[in-house]
Amino acid sequence: MKNICVLGSTGSIGTQTLDVVAKHPDELRCVALAVRRSVDTALAQAKAFGVRHVAVADESLAEDATVAELAQWCRDGGGDLRFGSRAVEELCLLPEVDVVVNALVGAAGLRASYTTLEQGKVLALANKESLVVGGDLIMPMAHALNARRGDNGALMPIDSEHGAIYQCLLGEDMAEVTKLWVTASGGPFRGRTRDQLRDITPAQALAHPTWNMGAKISIDSSTLMNKGLEVIEAHHLFSMPYDKIEVVVQPQSAIHSMVEFSDGSVKAHLGTTDMRIPIQFALSYPKRWEAPVQPLDFRTLGTLEFAAPDEDTFRCLALAREAGRIGGTLPCVMNAANEIAVAAFLADDLPYLGIAACVEDAMEALGSHPVESLDQLSATDAEARARALEFVARQA
Ligand code: MG
């Protein structure tokens, strides 16, 4: 039995994680939940899964009448309800937690990832920013914990691409890996020109063709920034230089990524486009449990297409690659500016093509410095957000 803590339990990854828990009650027990502000859903989840430790990130809700029932429920079971981002992080310290599923959105997830590994607990990671921003700090901790555990299970990726690469690498010698192929659906605007992207609205960008996801990641998928973040993630997770990480558009999203070896062999991971498969693998490793969804039926799959990504039109991918190659604090700057730009686009304060322009402006202005600490990254993150907000204000 593994006791898990789900950070971001009401989001897309969080609810699908709880689906997996419900399907495997003999293997998994949810003991702690964190939400940003969805208190009603948190209460329903806490009751359904018997969870008595809950954190709500938004401190302004502490005085709200709607939280009284949740607080009582937690107290009745010997736990508690706490507020603020520190309270979210502190769930990772609970002695009964074995695995932390980090499905927080944005750079806010980094501290929780750090605390989890520092505590010697398994990190099941859906929060890309933990690695994009803090990979230089997180990975040495994961390697040390793997050495202590005697396996490769300290940091389990919950991203279809990285879960796929992880599985293709099982039993392989990293010295014989020549390339990682990270697949991309291409998003809803694949094949369009920059001119055709000028007037894109948030509603159009939110309609992803193959994956059902939250708002931030859906916009990132449409700009290909999501793929850029994933390239940086892959670099850190698999210790792979950037010139050996290639992106290929695979519009059906049936191939979740591939690994090429020195003898020219390529292994691919395929499966139904449903995040419960990579979530479950991250929690079942080193075992495999019964499938959480219907497996692929190749007789009805039809064709598989492949194409090179268009980095001139979708400049966020090129910007992320550049940030990754230069490294240091530049991916932190890039990510923070993108978070501001995406929020501004969703609020109709920035045109669609302004997202890449805003990211580039912040990268040029702030440059890169070697990564030293979480506090330094927080300061860089704040600086980049301020710069991006100025950029957005100039567009109005
Ligand atoms: Mg992905």
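Q: Which residues in helix 5 and helix 17 meet?
A: In this predicted model, L110, R111 and Y114 of helix 5 meet L374, D375, L377 and S378 of helix 17. Divided by class, the residues of this contact are four nonpolar, one polar and two charged.

Q: Why are helix 5 and helix 17 called roughly antiparallel?
A: Helix 5, which spans residues 110-118, packs against helix 17 at an angle of about 170 degrees, and their axes are 11 Å apart. Angles over 145 degrees count as roughly antiparallel, and helix 5 and helix 17 are therefore described in that way.

Q: Which residues of helix 5 are buried, and what do they pack against?
A: The buried residues of helix 5 are L110, A112, S113, T115, T116 and L117. Their packing partners are strand 1 (2-7), helix 4 (85-90), strand 5 (99-102), strand 6 (122-125), helix 6 and helix 17. Helix 5 is followed by G120, whose phi is positive, near 75 degrees.

Q: What makes helix 11 and helix 15 roughly antiparallel to each other?
A: Helix 11 (residues 225-237) and helix 15 (residues 330-346) pack at an angle of about 155 degrees, with 12 Å between their axes. The cut-off for roughly antiparallel is an angle over 145 degrees, and the pair is therefore placed in that class. The crossing in which helix 11 passes helix 15 is left-handed. On the side of helix 11 the contact is made by M225, L229 and I232, and on the side of helix 15 by P331, M334, N335 and N338. By class, this contact of helix 11 with helix 15 has five nonpolar, two polar and no charged residues.

Q: Which protein atoms count as donors of the magnesium ion?
A: The protein donors are D159 (OD), E161 (OE) and E230 (OE), which lie 2.1 to 2.2 Å from the magnesium ion, and the cut-off that applies to donors of this metal is 2.8 Å. Along the chain, the donors follow the spacing D-x1-E-x68-E. Of these residues, D159 and E161 are both buried.

Q: Why is helix 10 described as largely enclosed by the rest of the structure?
A: Seven of the nine residues of helix 10 (residues 215-223) are buried, so the helix is largely enclosed by the rest of the structure. A residue counts as buried when its relative accessible area is under 20%, and in helix 10 those residues are K216, S218, I219, D220, S221, S222 and T223. What covers them includes helix 6 (129-149), helix 9 (202-206), helix 11, helix 14 (315-326), helix 15 and helix 16.

Q: What makes the phi of L224 worth noting, and is L224 buried or exposed?
A: Phi of L224 is near 70 degrees, a positive value in a residue other than glycine. Most residues other than glycine have a negative phi. L224 lies in the loop between helix 10 and helix 11. With a relative accessible area of 5%, L224 is buried.

Q: Where is S253 found, and why does S253 count as buried?
A: S253 is in the loop between strand 9 (245-249) and strand 10 (255-261). Its relative accessibility is 5%, and S253 therefore counts as buried, the cut-off being under 20%. The phi of S253 is near 55 degrees, again a positive value in a residue other than glycine.

Q: How do you know that the peptide bond from Y285 to P286 is cis?
A: The omega of this bond is near 5 degrees, and the bond from Y285 to P286 is cis. Most peptide bonds are trans. P286 is found in the loop between helix 12 (276-284) and helix 13 (298-301).

Q: Why does H369 count as partly exposed?
A: H369 has a relative accessibility of 47% and therefore counts as partly exposed, since that class lies between the buried limit of 20% and the exposed limit of 50%. H369 is placed in the loop between helix 16 (354-366) and helix 17 (374-395). Leaving aside residues up to four places away in sequence, H369 touches G328, T329 and Q376.

Q: Why is L197 called buried?
A: L197 has a relative accessible area of 0% and is therefore buried. L197 lies in helix 8 (residues 194-197), and its C-alpha is 7.0 Å from that of Y352, although 155 residues separate L197 and Y352 in sequence. Beyond residues up to four places away in sequence, L197 touches F189, R192, T313, F314, Y352 and L353.

How values were computed:
Residues numbered from 1 in each chain as written. Predicted model: local features only at pLDDT ≥ 70, side-chain atom pairs only at ≥ 80, totals over all residues. Heavy atoms only, no water. Axes fitted to C-alpha atoms, helices over the stretch in contact; angles between N-to-C directions. Helix = DSSP H or I, 4+ residues; strand = E, 2+ residues; numbered from the N terminus. Parallel < 35°, antiparallel > 145°, perpendicular 65-115°, else oblique. Left-handed = near helix turned anticlockwise from the far one by under 90°. Contact = heavy atoms within 4.5 Å. Nonpolar A, V, L, I, M, F, W, Y, C, P; charged D, E, K, R; others polar. Donors = N, O, S within 2.8 Å, 3.2 Å for Na, K, Ca; no water. Buried < 20%, exposed > 50% of the residue type's maximum accessible area, 1.4 Å probe, protein only.
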